Amino acid sequence: MEILQIVGLGLIGTFLALILKEQKTSFAFLLTLVVGITIFLFLIDQIALVLRMLEHLAEEAHINLMYVETIMKIIGIAYIAEFGSQITRDAGQGAIAAKIELAGKILILVMAIPILSIIIETVINLIPR
């Protein structure tokens with residue numbers, strides 16, 4: 001039933017932000033930011049549970065934890081960049097939001113380079129010479 005709490009908080013925050021936006025736009029933005037962060041904090045326990053489960057599965061499958069940790073970091077970068085760009089877009093700064101998204105994509109590419117190089121090496125070793 002956590003989703004009902006999250007949706008309720010989001011709806012209340014939305015209605016309050018709409019009311020505040022008419023009089024004080026800066027307060028409306030701050031309220032939006034606080035509601036977004038609160039919803040994220042609601043989900044931290046669930047995120048930790050997923051991370052522990054993935055680490056356990058990787059250990060059972062005898063997969064190097066470095067790869068799993070790298071993939072988790074990539075997913076984290078994607079979520080954080082998305083969250084930041086949405087908040088920035090809500091504040092009316094679409095250009096900055098686009099730059100946050102670009103930075104997230106570049107950081108994901110940088111994080112993926114070790115995995116990509118191992119995949120390429122594996123494919124090259126499978127090709128008969």
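User: Is Arg-89 buried, partly exposed or exposed?

Analyst: Happy to start there! Buried means under 20% relative accessible area and exposed means over 50%, with partly exposed in between (1.4 Å probe, protein chains only). Arg-89 has a relative accessible area of 39%, so this residue is partly exposed. One note on reading: this is a predicted model, where local features need pLDDT of at least 70, side-chain atom pairs count only at pLDDT 80 or more, and totals for chains, interfaces and linings use all residues. Residues are numbered from 1 along each chain as its sequence is written, and side-chain values use heavy atoms, leaving out hydrogens and water.

User: Which side chain does Arg-89 meet in a salt bridge?

Analyst: A salt bridge is a side-chain nitrogen of Lys or Arg within 4 Å of a carboxyl oxygen of Asp or Glu. Here Arg-89 pairs with Glu-101, at 3.3 Å from N to O. A search of the whole structure finds 1 salt bridge. Glu-101 is partly exposed, with a relative accessible area of 24%.

User: Which parts does the pair tie together?

Analyst: Helices (H or I, at least four residues) and strands (E, at least two) are DSSP runs, numbered from the N terminus. Arg-89 lies in helix H4 (residues 65-90) and Glu-101 in helix H5 (residues 94-126), so the bridge links parts 12 residues apart in sequence.

User: What lines the largest pocket?

Analyst: A pocket is an open set of points on a 1 Å grid over the protein atoms alone, where a 1.4 Å probe fits, with protein on both sides within 12 Å along at least five of seven lines; lining residues have an atom within 4 Å of a point. In this model, 21 residues line the largest pocket, and Phe-40, Leu-43, Ile-47, Tyr-79 and Ile-80 lie nearest its centre. H4 supplies the largest share of that lining, 10 residues. Helix H2 (25-42), helix H3 (44-60) and H4 each give at least two.

User: Which residues lie nearest the centre of the second largest pocket?

Analyst: They are Ala-17, Lys-21, Ala-28, Thr-32 and Asp-90, within a lining of 14 residues. Helix H1 (2-23) and H2 are the elements that give two or more residues to this lining.

User: Where does UniProt place the "transmembrane region" annotation?

Analyst: UniProt positions are given in the numbering used here, feature names are shortened, and annotations may be inferred rather than shown by experiment. The unreviewed entry covers residues 27-51, 63-81 and 106-127. In the model, residues 27-51 are 96% helix and 0% strand, with end C-alpha atoms 35 Å apart. Residues 106-127 are 95% helix and 0% strand, and their end C-alpha atoms lie 30 Å apart.
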